[in-house]
Structures are given as structure tokens and as C-alpha cells.
Protein chains: 2
Amino acid sequence: MSYDLWYWAGLPGRGEFVRIALEAGGIPYRERGREEGTDVAEQLERYDSTPPYAPPWLDTGELVLAQTANILLYLGDRHGLAPKDAKGKLWVNQLQLTIMDMVAEAHDTHHPIADGAYYEEQKEAAKQAAEQFRGERMPKFFRHFAKTLNGERKFFAGEAWSYADTSFYVLMSGLEFAFPQRMATLRPEYRSLFEHRDRVGELPELQDYLASDRCLPFENGLFRHYEELDASA
Amino acid sequence: MSYDLWYWAGLPGRGEFVRIALEAGGIPYRERGREEGTDVAEQLERYDSTPPYAPPWLDTGELVLAQTANILLYLGDRHGLAPKDAKGKLWVNQLQLTIMDMVAEAHDTHHPIADGAYYEEQKEAAKQAAEQFRGERMPKFFRHFAKTLNGERKFFAGEAWSYADTSFYVLMSGLEFAFPQRMATLRPEYRSLFEHRDRVGELPELQDYLASDRCLPFENGLFRHYEELDASA
């Protein structure tokens with residue numbers, strides 16, 4: 001059995017949250033959007049009864065699942081990438097949704113007015129949005145995540161990593177790419193989050209993937225680095 | 001047993017998606033944020049081990065669950081507000097997440113730059129964001145939802161309503177409040193969506209609630225009506 005993952009070629013994007021969980025779990029998958037001759041937009045139109053709204057989606061052979069957090073809920077359950085008990089499962093799903101909220105806000109700093117318009121057309125609004133994100137939102141989300149890591153837990157849901165941890169790794173890495181100056185000033189106060197990111201990045205299960213060319217660099221996608229959107233505060 | 005629902009008093013907001021599901025399911029709950037002497041922000045600080053990031057959250061007595069879609073996943077499972085089988089459950093969760101994406105985009109039309117700043121400070125950006133939302137995003141989401149309703153199904157997941165249907169009712173009602181002109185021009189092409197909203201609004205299970213003062217009008221919250229943000233196209 002092998003899953004078909006569908007996502008735009010050439011960038012990590014929201015697909016990365018699914019991809020890194022599959023890789024960390026040692027779960028076979030095909031990256032269909034990166035294959036020669038496939039067309040993600042065209043394929044998207046082909047689903048009838050339970051269609052995805054947008055990539056990423058996962059074709060399991062039996063199900064076509066979309067929405068990043070929904071795909072991860074399925075994979076977590078089926079492949080032990082989340083706790084088995086209801087409490088742990090819901091907690092990991094809750095964290096995943098909060099991670100996706102922060103991802104959406106990070107994206108909206110460079111496209112505050114419209115995803116479908118060019119950055120240059122919304123640069124002034126982007127500067128203001130990024131200032132608010134760096135000043136208000138990043139500390140608020142970081143306080144939250146630090147609180148959830150406070151205590152005895154090694155990972156978000158206990159001694160074993162879950163997909164919330166791999167997603168957090170992607171989030172922190174994306175933020176460091178987009179806002180290196182701001183992340184440097186946040187580091188002393190939120191050291192536990194940076195350590196957590198490193199702990200996930202050092203998982204033996206992830207080393208092959210992170211060194212491979214399947215793991216694409218952030219550039220010009222969900223997370224973007226523009227000099228004028230970053231600052232130390 | 002009775003659930004404690006925590007959400008800001010005085011507005012439907014994201015809490016409404018949980019509230020309407022509880023009401024439609026005939027599930028007892030207390031609206032804690034609307035009780036005399038409670039302070040939602042203060043209460044939020046009191047959770048340690050699995051804290052909510054923001055309202056709404058649901059205290060079940062055993063669990064404290066946050067993130068709208070996560071709360072609904074729990075309620076759907078436990079109270080039969082979603083199909084029992086994995087396929088149906090994941091489909092309803094997927095729809096809920098897409099509904100929440102559209103809700104976030106509708107919110108961002110009036111607060112494109114920062115949720116924490118006044119509307120008046122971002123009015124020009126809001127006009128541009130609303131134009132894109134009305135012109136590009138609403139038709140794109142509507143095409144998607146219409147596709148999911150296309151066929152024999154009475155509700156999103158079959159013959160019985162699920163929480164995706166009650167959420168869709170809130171979404172459509174909020175959009176009609178915020179963008180009455182645009183909704184009027186979209187109606188002929190997406191008649192099935194308006195009929196679907198009406199079908200949910202006519203559920204016998206919802207009549208008491210919709211006529212009660214527990215059901216608050218939209219104003220100045222997640223969905224907002226500003227003349228300058230609405231137009232027929």
C-alpha cells in the first residue's frame with residue numbers, strides 16, 4: 001500500500017505538514033504533484049463525491065482526504081502518529097489547528113489583501129500586517145506553545161513525538177526563514193520552543209528526509225522572506 | 001451531565017458553530033461567558049496542561065477542548081452529530097475546516113491588516129480585500145460547496161444532518177448579514193446552497209433555539225456589515 005500525496009510541485013507549502021509526518025512515520029507515499037506529466041489543478045477537478053477544496057490532499061486508495069489537519073488526523077490514527085486515547089488525539093488535533101492558524105497568519109503578512117494578487121500590489125499593507133504579526137501575534141502564539149510544553153513532557157503529547165511536533169518543526173523553521181531578525185530576539189524568552197524544534201529536527205526518523213532532495217527549501221511560498229517585513233521587534 | 005461552553009459574551013462569533021450544534025443535538029450546556037460575574041479572558045489563563053489558545057472552548061468535566069473544529073469533532077462523535085464511519089466522520093471534519101477557512105477570510109475582509117487594530121485604521125485595505133473576497137473567493141468557495149451538495153444527498157453527509165450542515169447555516173447567514181448585495185447576485189447561480197441553508201434553518205430541532213434570546217444577531221463580530229465593503233459584484 002502506498003498513499004498518493006497531491007500538492008503543488010516546487011515548494012514545501014501546506015503539503016509539508018503531511019509530507020514530514022509521512023516521512024517521520026516511515027509511511028510509503030508517492031508525491032504525485034512532482035511527477036512528470038501530472039497537473040494538480042486538473043486532477044483537483046476530477047473528484048466528485050467528496051472533493052478537496054484545495055491541495056494538499058491524500059488519496060488512500062479508498063478515501064480522498066483534504067485539509068491538512070484532517071489528513072493528519074487520519075494518518076495519526078492509522079499509523080500511530082498521535083496518542084491512541086481520545087484525550088491525546090483531540091489534544092494533538094487542537095495543537096495542529098492552532099499551528100495552522102499561525103501558519104495562515106504568517107502567510108497573510110505578505111498577502112494581507114488577497115492571495116490572488118501580487119505581493120508588490122499589497123506591499124504597504126504587508127508592512128503593517130508584518131509589524132503587527134511580529135509585535136503582537138508571534139509573542140501571543142509563542143506564550144501559548146511555551147505553556148503547552150511547560151512541565152515534564154518531552155513532546156507535546158508525552159514521551160513520544162506526534163504529528164503536532166513535526167508540524168511545529170515546520171512552523172518554527174518557516175518562521176526562522178521568513179523572520180530571522182524577529183526570531184533571534186524572541187529566542188531568549190522562548191528558548192524551550194527553539195529547543196523543541198531542534199529536538200524534533202534531530203529525530204533519527206527524520207534524518208534521511210531532511211538530507212534528501214524531497215525536502216525542499218522555503219522560498220516564495222507560504223513562508224516568504226522579504227527584508228522589509230522583518231525587524232527585531 | 002452538562003457541558004460548559006466558554007465564549008465572549010454578546011456576540012455569536014466562532015462560538016456559534018458549537019452553540020448551534022449543541023442546540024440542534026438537544027445537548028445540555030451552560031453558556032459560561034454570558035453568566036454574571038464570569039470573565040472569559042481570566043478563565044482562559046487558568047488552564048495548565050492542555051490550555052486553549054482562544055475561545056471558544058468546551059469544558060466537558062473531563063476534558064478542556066478548544067478550536068471550533070476540534071470541539072465539533074468531539075461532539076459529533078459522542079452525540080451522533082456526524083456519521084459513525086471513518087469516511088463520513090473525516091468528510092464532515094474536512095467540510096468544517098473548509099467552512100472555517102471561509103469564515104476566516106470573511107473576517108479578514110474587515111480586518112485585513114490586524115485583528116487587534118480598529119476597522120477605521122485599515123478601511124482602505126479592507127475595501128480592496130472585500131472586493132477580492134466578493135469577486136474571487138466567494139464564487140470559488142460556493143462552487144466547491146455546490147459540488148459537494150450535487151447529487152442525491154439531502155445533507156452534506158447523507159440523509160441525516162451533521163454539524164457541517166449547522167455550521168454551513170451559520171456561514172451562509174453570516175455572509176447574508178455582511179454582504180447582502182453580493183449574496184443576492186450569487187443566489188441564482190448557487191440556488192442549491194441557499195436552499196440548503198433554508199433546509200437546515202427549518203429543522204424542527206432548531207426552532208426553539210432560533211426563536212430564543214440565546215441566538216444572538218450578527219453585529220460587529222466575526223461577520224460585519226459595512227456599506228462600503230458590499231456590492232453586487
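This is a predicted model: local features need pLDDT of at least 70, side-chain atom pairs count only at pLDDT 80 or more; totals for chains, interfaces and linings use all residues.
Biologist: Which element gives the largest share of the side of chain B that touches chain A?

Modeller: On chain B, strand E4 (64-66), helix H3 (68-79), helix H4 (86-110) and helix H5 (123-149) each supply at least two residues of that side. The residues of that side divide into 22 nonpolar, eleven polar and nine charged. Ten residues, the largest share, come from H5(B).

Biologist: How much area do chain B and chain A bury between them?

Modeller: The size of an interface is often given as the accessible area lost when the parts come together. Here 42 residues of chain B are in contact with 42 residues of chain A. Of the buried area, 59% is on carbon and sulfur atoms, and the total is about 3700 Å².

Biologist: Which strands stand at the edges of the open sheet in chain A?

Modeller: The sheet has four strands in mixed pairing, ordered E2-E1-E3-E4. Within the sheet, E1 (residues 3-6) and E3 (residues 57-59) of chain A run antiparallel, joined by three bridges. Each edge strand has a single partner strand, so one side is left without a neighbour in the sheet; these are E2 (29-31) and E4 (64-66) of chain A.

How values were computed: Residues are numbered from 1 along each chain as its sequence is written. Chains are lettered from A and ligands numbered from 1 in the order in which they are written. Side-chain values use heavy atoms; hydrogens and water are left out. Contact means heavy atoms within 4.5 Å. Buried area is the accessible area (1.4 Å probe) that two parts lose on being put together, summed over both. Ala, Val, Leu, Ile, Met, Phe, Trp, Tyr, Cys and Pro count as nonpolar, Asp, Glu, Lys and Arg as charged, and the others, Gly among them, as polar. Two strands pair if DSSP finds at least two bridges between them.
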